[in-house]
Amino acid sequence: MRVIKKIKLKDKNITIIGMGETGQGAAILAKQLGANVLISDSNEIREKTFHQKAHKLGIKVETGGHTSKIYNSDLWILSPGVPNNLDIVKNASDKKISIISEVEFASWFTNKPIIGVTGSNGKTTTVNIINSILYASSLSPVLTGNMGYAFSRAILNDITKCDENRIYIVELSSFQLENINSFKPFISILLNITPDHQDRYETMEKYIEAKMNIAINHDMKSHLLYNSDDNILVENCKNLNAKKTGFGLKNNSENMLKIDGSHIQIGKTKLASIDSISLKGMHNLSNILAAVTAAKILNVSNECIAKVLPDLRGIEHRLEKVSVIEGVAYYNDSKATNIESVIAAIQSFAKPIILILGGEDKNTNFNSLTPFINNNIKKIVSYGKANNKISIALRDAVELKKVFSLRDAVDECKKSAVSGDVILLSPGCASFDQFRNYEHRGNEFKKIVKNVVYA
């Protein structure tokens, strides 16, 4: 790894590639710190709100393509959606321009503790649980990162005056971890590793490598929490130089917390009854164990944790109950963009499921759903770009109907559903064929349920 030194930004030329939330946040922070900032995006951005703000701040903006101005730079900050194999990135590297991620950049300007959370599944749920626990304690958490609020914006808000007990909880995708250099959370959490983003990574090993970057700078002063039930993580963490603590459902000897019958237990103390926790599913129990382990490292009291756990609720777009109409329950699981998330969703229900799959394929092996179909899936409705691939993989295992749009899918589900059924949007695909992101897809699903079902 090439060592990139932190630089004083005053009067330096900074190029930011990508004008999404992270790019905008990094641009404003860099400008505030005295840099000359150019933000460049290959897409034509029709929304002009940021253009107007950038103009007032003196940030230069170019969209609809990259000009040669991007190379007149002391430092590049890449947005997560920009892969390293783009020609412009290779050219910048050849010109010896330092290239970092937005997370790396933001971390340069704080000495407050960071909790970094990554994994193939469960990141958003886990950071929200951590936030709920810390908010109820004497700490002052800020939730940021991949969940939609740029780390740079959080740092900018604290740049002049920061709460003494501030702690940053940063949700991290593999994309955000590709270009880090000195980023070192006080606590890093590795939730799980399953195949994902195979459209971006040539091999599973490359994907694992990106995820493991969260621990690349760890030492014995920082904490690494890993899922001891996950064989890939066990293997990749065993030789790391860090204070390692496990969490998981199998009560591994390295775990701080145990599952004792029907309770979560630390030492001889029972923290909470599992039945008292509203957030259901074994995958969510694993996420809770990760979050509570982090809280205990931060010396949050057992009493505080025990008070918060029963009141935990699911997050929007993750097994979100939308409505029950004529005995049929509709669930929005739009955040399930890979097969492991779909499997976790399926296993959360005992009732018959009509499953909506589809969207933009991420080179997914849909055949891996087959062993779970015989349990309680009565029908699959597929839609979007992945339509044919899903049909070919699963049509011999279950009744399957292909449709074009998500609206068509809900309409088809309605025809087949009877009282007691669950209609589950758990697409197992990216959303970008028909929607801006998974939130847009989930919100549209909820609108469709309201409008179509009552029609």
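## A right-handed unit: E10, H8 and E11

Strand E10, helix H8 (residues 231-237) and strand E11 make a right-handed β-α-β unit. Right-handed here means that, with the strands pointing away from the viewer, the path from the first strand over the helix to the second runs clockwise. Helices (H or I, at least four residues) and strands (E, at least two) are DSSP runs, numbered from the N terminus. E10 (residues 223-227) and E11 (residues 243-247) pair in the parallel sense over five bridges, where pairing requires that DSSP finds at least two bridges between two strands. Within this pair, Tyr-226 has Gly-246 of E11 as its bridge partner.

This is a predicted model, in which local features need pLDDT of at least 70 and side-chain atom pairs count only at pLDDT 80 or more, while totals for chains, interfaces and linings use all residues. Residues are numbered from 1 along each chain as its sequence is written, and side-chain values use heavy atoms, with hydrogens and water left out.

Five strands, in the order E3-E2-E1-E4-E5, form an open sheet with parallel pairing. Strand E3 (60-63) and strand E5 (98-101) stand at the edges; each has a single partner strand, so one side of each is left without a neighbour in the sheet. From one strand to the next, the twist averages 20 degrees. Strand E4 (residues 75-78) is joined to E5 by four bridges, and the two run parallel. Ile-77 has Ile-100 in E5 as its bridge partner.

Helix H1 (residues 21-32) lies across strand E1 (13-17), strand E2 (36-41) and E4, and runs at about 165 degrees to E2. Axes are lines fitted to C-alpha atoms, for helices over the stretch in contact, and angles run from 0 to 180 degrees between N-to-C directions.

## Two helix pairs

Two packed helices are described by the angle between their axes and the distance between the axes. For H1 and helix H6 (residues 151-158), the axes come within 7 Å and cross at roughly 30 degrees. H1 and H6 are therefore roughly parallel to each other. Angles under 35 degrees count as roughly parallel, over 145 as roughly antiparallel, 65 to 115 as roughly perpendicular and the rest as oblique. The H1 and H6 crossing is left-handed; a crossing has this hand if the near helix is turned anticlockwise from the far one by less than a right angle, and is right-handed if clockwise. Residues in the contact include Gly-25, Ile-28 and Leu-29 of H1 and Ile-155 and Leu-156 of H6, contact meaning heavy atoms within 4.5 Å.

Helix H5 (residues 123-135) packs with helix H9 at an angle of about 40 degrees, and their axes are 9 Å apart. That angle makes H5 oblique to H9. The crossing of H5 and H9 is right-handed. Among the residues making the contact are Ile-129, Ile-130 and Ile-133 of H5, and Ile-288, Ala-291 and Val-292 of H9.

Three strands form an open sheet in the order E12-E13-E14, with antiparallel pairing. At the edges stand strand E12 (257-260) and strand E14 (269-273), each with a single partner strand, so one side of each is left without a neighbour in the sheet. On average, and with direction ignored, neighbouring strands of this sheet are turned by 35 degrees against each other. Strand E13 (residues 263-266) and E14 pair in the antiparallel sense over four bridges, and Gln-265 stands opposite Lys-270 in E14. H9 packs on this sheet, touching E12, E13 and E14, and its direction makes about 140 degrees with that of E12.

Leu-289 is found in H9 (residues 282-297). Leu-289 counts as buried because its relative accessibility is 1%. Buried means under 20% relative accessible area, exposed over 50%, and partly exposed in between (1.4 Å probe, protein chains only). Leaving aside neighbours within four places in sequence, Leu-289 is in contact with Phe-247, Gly-248, Leu-249, Leu-257, Ile-259 and Ile-264.

## Strand E18 and its partners

In strand E18 (residues 377-383), six of the seven residues are buried, so E18 is largely enclosed by the rest of the structure. Six bridges join strand E17 (residues 353-358) to E18, and these two run parallel. The chain crosses from E17 through helix H12 (residues 370-376) to E18 in a right-handed β-α-β crossover. Leu-357 has Ser-382 in E18 as its bridge partner.

Ser-382 also stands opposite Lys-402 in strand E19. E18 is joined to E19 (residues 400-402) by three bridges, and these strands run parallel. E18, helix H13 (residues 387-394) and E19 make a right-handed β-α-β unit.
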